[in-house]
Amino acid sequence: MAAVRSMSAATCRAAIPCAVAAKGAARARAQFSLGTACPVQASAPLKMSGRFALSASCAQLRNCAARSAANLSWSRAMTGGLSLTPFENEKPKRGHHRRQNVEAAAKNGKGDVGEGKYKDSVNLPATKFDMRANSVVREPQIQKLWEEKKVEERLFERSGGEPFVLHDGPPYANGDLHIGHALNKILKDIINRYHILQGRKVKFVPGWDCHGLPIELKVLQSMTADQRKELTPIKLRKKAAQFAVKTVDAQREQFKRYGIWGDWDHPYLTLKPEYEAAQIGVFGKMVLNGHIYRGKKPVHWSPSSQTALAEAELEYPEGHVSKSIYVAFPLTSFSDKFPKELKALQGEVSLAIWTTTPWTMPGNAAVAVNGELDYAIVELQPAEETVSESASEGTPADEPEQKKKKGSAPPKSSPGSALQSSKHLVVAKDLVPTLESKWGVKLTVKGEVKGAQLEGSAYRHPLFERESPVVIGGDYITTESGTGLVHTAPGHGQEDYVTGLKYDLPLLSPVNDRGDFTEEAGKFQGLNVLGDGNTAIVSALDEAQALLLEEAYSHKYPYDWRTKKPTIFRATEQWFASVTGFKQAALDAISTVEWIPQVGQNRITAMTVGRSDWCISRQRNWGVPIPVFYDKESGEPLMTEETIAHVQGIVREKGTDAWFYMEVADLLPDGHKADADKYRKGTDTMDVWFDSGSSWSGVVDSRDGLRLPSDLVLEGSDQHRGWFQSSLLTSVASTGQAPYKSVLTHGFVLDERGLKMSKSLGNVIDPRLVINGGKNQKTEPAYGADVLRLWVSSVDYTGDVLIGPGIVRQMSDTYRKFRGTLRYLLGNLFDFDPTKDVLPYSSLPAVDRYTLAKLAGVMGEVRESYEKYQFYRFYQLVQRFMVVDLSNFYFDICKDRLYIDSPDGFSRRAAQTVLSSTLLCLVRAIAPVLPHMAEDAWQNLPHKIETRGGVAETVFEAGWPEVEEEWRTFSEEDSAFWAKLLLIRNEVNKVIEAARNAKLIGASLEAKAILCATDPAVAEKLRGMADGAHPVDQLRYMFITSQVEVLDSREAFEALNPEHRNTADIEGVGELLVGVVRADGGKCERCWNYSTLVGSSEAHPTLCERCEPVIEKRGAEKPLEAVAA
Ligand SMILES: [Zn+2]
């Protein structure tokens, strides 16, 4: 054993050279301030030259501040003792060893410092678990180890637990991954790995969304004009598929590098034949359930992409300004309900409407009013104050012109000819004052009429020779804007469409795919509705004496999210899923799902309630075809259970390309083959949201090891109107059930200042750069995947989350704390066999039982934080435990007994019992978040760990650690006392620090602490601990001083009047007098503790009473010379 020890120590020296000696200046400074132990325990004054002396004193200040603050902020506590494991302080210069008295003493035996007899009698830590992560090399090695050992597969096979199915929402196979992808997949992996540790059967099938316009556009953009001419749908599809598969390969490698476990060899791709077949199956079920229909309906149409768009494909950018117009439609007849007294005005009254889309005028089929609203018949007169001025210009009241003359902003509105020519107008009564000022005229109310009394009146279209009715619209007609009368074009708006159905209005939509007016629009044919067509309509209205006012209007307007161009509403022949038909079922299904956070339920409910039928057809080539045939003559569609099943079978075998290259006769089932000539195949493909929305069928319901409904789906909060919804709708429409049990959402990733990441701002954080570093590794170091993962665990992802270089650096520091903790644990367990050396709980000293109680508490909370997906709690809990409870306290006080006691002495084995439990708990508790680090530690365990399944070769095979029940038996009262003791310890450290600064002492072991508590109960407890029932629990060890004296009275303290003293008032402790004097007796050569008994042994005159028997025992077992060899 001794030989192993000395060899291991040598290995450590070689592996971690002294920070000061080996690193560059800047690095050393950082290392030193991080790695140096609190100077409270420094063993000698700092005697260092130049920059290190300076940085050391900075470190000193920071350390002490951190130590003394009762409320340790973690970043400051970072500079506490933990990092300076003995490994980092190899080959100390004289006076440099500060805290590590024991191992420093051992090293004193080394040649350059002098001949020490006891140099190899100290139990120095030993482990090959490197403080330096070397993630760029080590993480891929660990991933390879998992792969070679087939850990995932074996755990899946071996587990007898319930399946846990986290179903992956597919990212789009287009471009590189960004930090948002990393957040998403790492969250999923943390959850999966946690469930694996819990013994669940976990199979994660990652997926990709492969069809759709963006890929089609990429292919088109990569071709020359000539090549494009040659392009057939099937050629385009081949190129698109190649592009998608290539992107999938690249993204897959990046995901794997994050350490994401999953069936990467068999991911689901929406372009795979088996997936496409399942999708057609879902579509077929919806057809059979009567939820699919063909109809002419207004849809969001993108002239720039020449296709219909789904809600999810729209965006509403800031700054859109429309040309809005007020138009007068002359009434040709009053309805019977119209008040008799006003009928005299017949022929002089026009309806005033307002619209932000003048180009929809040719589609006008009605004017809608709200039946409940009051309307006024107003007479137009020029506004008095502006008559003289505007008269000279030949225009009536012209407010904007006035403004212009005063030198203000250019006019936002210009009056139309109808302000002069109209005599009476119908407007909502409440809006009269608003319109007066807007139009710059005087409006005199001549009479009032209810909306319902207007219904059935007729008006003449100012541009086309036709009459149309006044109708009652819905609640959407208000007096918030406009005139209270709504221009209704059923071919260009959803509400108008619904009103049109009610009144059987014609569905006019004289606009083609490119957004140009068609022949139906008469003289406007060929003009573009978003450009010259819009302007031409306004001019024509003005010429027709129908334009009241034109006005620029800023509002939210839907744009195509890909081309960033405005869209229009346009009625086309499309295929629809009749959401109205199964809306209630969808709402019922929503209520069966757990939405995390809860607000998600409101979001998706509102979106489902508000949504109209889902237009699922697209006029593109790169997608899954709608399996429909049309009668060449009548245009009637042919789509039956039989035809769909036949196509589905072909697709399963050959993929959807078959639809494009096969003849109609081959695509039709036998029953229809004979009249194949009568039919043509449809050319529409399905909305890609239908693709990804079918994944519950194509994946969860199709793959072995998965089951419907999935336990969890986890995506960005924008998916309430995207994938969560499309999955829900297809599933409810075909099976009546929700496809998932719970839905977890996360926010978006912003930069450190909370700004959206963009290339132009230069604030994009590339996950690959975080992991592998940049060209200049000094400014862009390689942090590894675990640091990225630690960041994911640290953020509250229910809202938007931040990342930037500073945050990543901070994560890297925390990562080092975790690593340092594991290294300390591993290093001090090299000779501890948990199957043989564990001591019974009841025999352990109080401080050890206190630490196990803390561990049990933390493990319970960590588990709960995983169960509730609150990983930031995991992050805070584990970090605080490692820094405050372990590094700053337990690890600190344990070194003495770990290094000095006999290797198998009680106090050492007791500490190791605690350390072993701590290691085996922590390494598994952090494994979901930091799998590489945890595995690295596991591979460096000094002893094999047996579990129910045999030796756990990897950390994940070990399963989630069970906490011993007896660890929880430590009483609350005792816990409270220990918490107080730690506060007292802080006060003692402050006075020790003062004594050190005054050069009374160097190391804390040169001190004797004097305490006097005025609270009798506290005083008694402290007296009890001064000598202590259990030697390990003695106060001197808690304070790392050589002696502690607890005085009975203030008088006694004053009589002694220690040179360095302080009076503290500690909550729960009361007034406490603390003094520090030099320790009594001489310094032990081996352990550097002071004792009056040093010199009393004849054989070992330089040893203390603790070291002497240890050396005697060792000598009996093995001569010292042999150990040294
Ligand atoms: Zn000693």
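Is Cys1084 buried or exposed? Select Cys1084 and you will find a buried residue, with a relative accessible area of 0%; buried means under 20%, exposed over 50%, and partly exposed in between, using a 1.4 Å probe and protein chains only. A word before we go on: this is a predicted model, where local features need pLDDT of at least 70, side-chain atom pairs count only at pLDDT 80 or more, and totals for chains, interfaces and linings use all residues. Residues are numbered from 1 along each chain as its sequence is written, and side-chain values use heavy atoms, with hydrogens and water left out.

**Stop 1**

Cys1084 sits in the loop between β39 (1082-1083) and β40 (1090-1091), while Cys1104 is 20 residues away in the loop between β40 and α42 (1107-1117). Helices (H or I, at least four residues) and strands (E, at least two) are DSSP runs numbered from the N terminus. Cys1104 is buried too, at 4% relative accessibility.

**Stop 2: the largest pocket**

Next, select His178, His181, Trp561, Asp718 and Phe748, the closest to the centre of the largest pocket among its 50 lining residues. The volume of this pocket is about 2200 Å³. A pocket is an open set of points on a 1 Å grid over the protein atoms alone, where a 1.4 Å probe fits, with protein on both sides within 12 Å along at least five of seven lines; lining residues have an atom within 4 Å of a point. The volume is the space filled by probe spheres set on the points, which are joined across faces, edges and corners. Colour α9 (179-197): this helix gives the largest share of the lining, 6 residues.

**Stop 3: aromatic rings**

Move to Trp208 and Trp264, whose ring centres are 6.1 Å apart with planes at 50 degrees, so the pair is tilted. Rings of Phe, Tyr and Trp (its six-membered ring) pair if their centres lie within 6.5 Å; planes under 30 degrees apart are stacked, over 60 edge-to-face, and the rest tilted. Trp208 is in strand β4 (residues 207-208) and Trp264 in the loop between α12 (233-257) and β5 (268-269), so the pair ties together parts 56 residues apart in sequence. Both Trp208 and Trp264 are buried. Then try Phe255 and Tyr258: with centres 5.9 Å apart and planes at 85 degrees, the pair is edge-to-face. To see an aromatic cluster, select Tyr194, Tyr797, Tyr866, Phe871, Phe874 and Trp960.

**Stop 4: the backbone**

Finish with the backbone. Ile596 and Pro597 are joined by a cis peptide bond, with omega about -5 degrees; Pro597 is in the loop between β22 (594-596) and α22 (599-610). Another cis bond joins Leu708 and Pro709, with omega about -15 degrees.
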